[in-house]
Amino acid sequence: MIHDNLNVAANGHLCFVGRDTVALAQKYGTPLYLMDEEKIRDRIRVYKKAFEDFFPEGSVPEYASKAFSCKQIYRIVAEEGINVDVVSVGELYTAVKAGVSAKNCFYHGNNKTDADISFAIEQGIGHFVADSLDEIYAIDAIAKQKEIIQPIFLRVTPDIDPHTHKKIATGSVDSKFGIAIKTGQALAAVKEILTLNNIKLSGFHCHVGSQVFDSKPFCNSAEIMLEFIKEVNEQTGYMAKSLNLGGGFGVRYVESDPVIDYRSKIKEVADKVNEVSKKLQIPVPKIMMEPGRSLVADSGITLYTVGSVKEIPNYKTYVSVDGGMTDNPRYTLYESKYTVINATNADKEADVKAVIAGRCCESGDLIGEDIPIAKARRGDILAVLTTGAYNYSMASNYNRVPRPPVVMLTKDNEYIAVKRESLDDIIALDE
């Protein structure tokens with residue numbers, strides 16, 4: 001098993017967090033998201049302790065909540081004592097309603113509207129991560145109207161290739177995010193910010209991409225960002241005391257993905273930050289990073305019921321399930337790889353290579369192709385692993401399919417964190 005919260009019971013069923021997944025499917029229905037709460041908490045603690053041990057006082061991780069956003073995950077994050085990264089007023093509103101202080105939230109995004117900015121300021125947002133001069137001017141104007149000085153981080157692009165899928169790489173010069181260092185625009189933006197009366201520049205932010213297993217892209221971006229901090233100081237006299245290096249450490253979706261020691265990778269980044277700061281003769285800034293996927297992805301699995309098996313001799317075997325792109329669009333978007341287990345027969349050899357097909361009226365509605373599973377029959381339960389990130393949060397009602405529930409599991413408890421949508425929920429906004 002690729003994760004330590006999985007095992008096979010004596011009856012041949014797949015177990016997750018010590019529970020029979022077939023029994024859970026019968027109890028709650030399918031499709032069904034399951035989340036391992038204790039694994040989430042343990043991973044948060046690994047990050048938090050590494051930051052305390054390796055970075056200057058005041059350094060803290062932020063949960064990139066676009067990976068999985070609901071009231072309960074924000075409660076868990078708040079209880080564990082880390083900050084929150086939000087990218088919309090919807091995420092911010094959910095976090096605040098869950099009891100998170102907006103002061104501990106960092107509002108990202110490349111196109112914040114005036115209404116977004118106004119709402120966030122009214123909620124008491126801790127920081128905007130400003131993405132453009134247009135946004136900076138808007139924040140300054142709205143902050144002036146509300147008679148406050150609003151702290152921000154400036155997002156810049158360090159021009160780093162993280163060697164990940166092009167659709168989840170974010171640190172190149174021509175990214176839609178941030179202001180490029182290479183072109184001189186980032187320095188010019190800093191000079192402009194320092195002339196504004198209702199904005200306080202707290203530091204700089206960058207993000208190179210997602211699903212990265214090597215610390216090298218983060219080390220390289222740290223070096224570029226620290227050099228930028230020094231250049232800004234020499235040009236303007238402003239010394240940034242905080243640096244956010246973004247998120248993006250990967251998780252295992254399939255056996256070929258490497259096992260990652262997050263603590264050691266964070267230490268490698270810290271060693272580079274300390275080395276470069278010393279070389280440049282600048283103070284070591286407080287460091288922030290934004291783990292999302294690596295906090296929740298391998299804490300989740302999704303259960304489906306097989307509806308049909310279609311064998312096309314000398315071509316393919318299609319195993320159709322009662323979910324698909326409505327609850328997991330990642331294969332359609334990125335051709336993301338997954339490990340799939342026939343949870344009903346988890347003790348059997350994976351002797352069939354199948355296309356796992358969804359129920360939507362789209363030929364591209366697939367969860368994966370050429371996936372080895374034990375031979376499946378109608379009524380079997382399939383488990384798709386590592387679905388805790390970017391599954392529920394990207395789910396939709398395409399074909400008017402209700403979203404599945406999220407059930408949280410601990411060693412001693414299980415509870416519904418998000419209810420299953422009903423047909424009445426589907427039409428609730430219709431006039």
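Student: How far apart are the end C-alpha atoms of helix H9 (residues 262-280)?

Tutor: Helices are DSSP runs of H or I with at least four residues, strands are DSSP runs of E with at least two, and both are numbered from the N terminus. The expected span of a helix is 1.5 Å times one less than its number of residues. For the 19 residues of H9 that gives 27 Å, and the end C-alpha atoms are 27 Å apart, so the two values agree. Keep in mind that this is a predicted model, in which local features need pLDDT of at least 70 and side-chain atom pairs count only at pLDDT 80 or more, while totals for chains, interfaces and linings use all residues. Residues are numbered from 1 along each chain as its sequence is written, and side-chain values use heavy atoms, leaving out hydrogens and water.

Student: Which residues of H9 are buried?

Tutor: Buried means under 20% relative accessible area, exposed means over 50%, and partly exposed is in between (1.4 Å probe, protein chains only). In H9 the buried residues are Tyr262, Lys265, Ile266, Val269, Ala270, Lys272, Val273, Val276, Ser277 and Leu280. Looking down the axis, they fall within an arc of 160 degrees, so they line one face of the helix; the arc is taken from the directions between the helix axis and the C-beta atoms. On the face turned away from this buried side you will find the exposed residues Lys278 and Lys279.

Student: What do the buried residues of H9 pack against?

Tutor: Packing is read from contacts, meaning heavy atoms within 4.5 Å. The partners of the buried residues of H9 are helix H2 (37-54), H8, strand S13 (286-289) and helix H10 (293-296). Not counting residues up to four places away in sequence, serine 277 touches Leu226, Ile282, Pro283, Val284 and Pro285.

Student: Which backbone oxygen does the side chain of serine 277 reach?

Tutor: A polar contact is a pair of N or O atoms within 3.5 Å; within protein, one must be able to donate a hydrogen and the other to accept it, and residues adjacent in sequence count only if both atoms are side-chain atoms. The serine 277 side chain reaches the backbone oxygen of valine 273 at 2.8 Å. At the start of H9, a side-chain oxygen of aspartate 261 comes to within 3.2 Å of the backbone nitrogen of arginine 263.

Student: Which residues have the most contacts inside the largest nonpolar core?

Tutor: In soluble globular proteins, nonpolar side chains tend to be buried together. A nonpolar core is a set of buried Ala, Val, Leu, Ile, Met, Phe, Trp, Tyr and Cys residues joined through side-chain atoms within 4.5 Å. The largest one here has 107 residues, and those with the most contacts inside it are Leu154, Phe204, Val296 and Ile356. Helix H8 (residues 216-236) gives the largest share of this core, eight residues. Apart from it lies another core, of 21 residues, including Ile2, Val17, Val22 and Ile301.

Student: Which residues are buried in helix H7 (residues 185-193)?

Tutor: They are Ala186, Leu187, Ala189, Val190 and Ile193. These residues cover an arc of only 160 degrees around the axis, which puts them on the same side of H7. They pack against helix H6 (133-145), strand S9 (150-157), strand S10 (179-180), strand S11 (199-205) and H8.

Student: Where is the peptide bond that is cis?

Tutor: Most residues other than glycine have a negative phi, and most peptide bonds are trans. Here the bond from threonine 30 to proline 31 is cis, with omega near -5 degrees. Proline 31 sits in the loop between helix H1 (21-28) and strand S4 (32-36). As for phi, asparagine 314 has a positive value near 70 degrees, and asparagine 314 counts as exposed at 83% relative accessibility. Just after H9, glutamine 281 also takes a positive phi, of about 60 degrees.

Student: What is the mean pLDDT of the protein chain?

Tutor: pLDDT is the predictor's confidence in each residue, from 0 to 100. The chain has a mean of 95, and 97% of its residues reach 70 or more. Over residues 162-171, though, the pLDDT is below 50, and this stretch has 31 contacts in the model beyond near neighbours in sequence. Where pLDDT is low, the predicted coordinates should not be read in detail.
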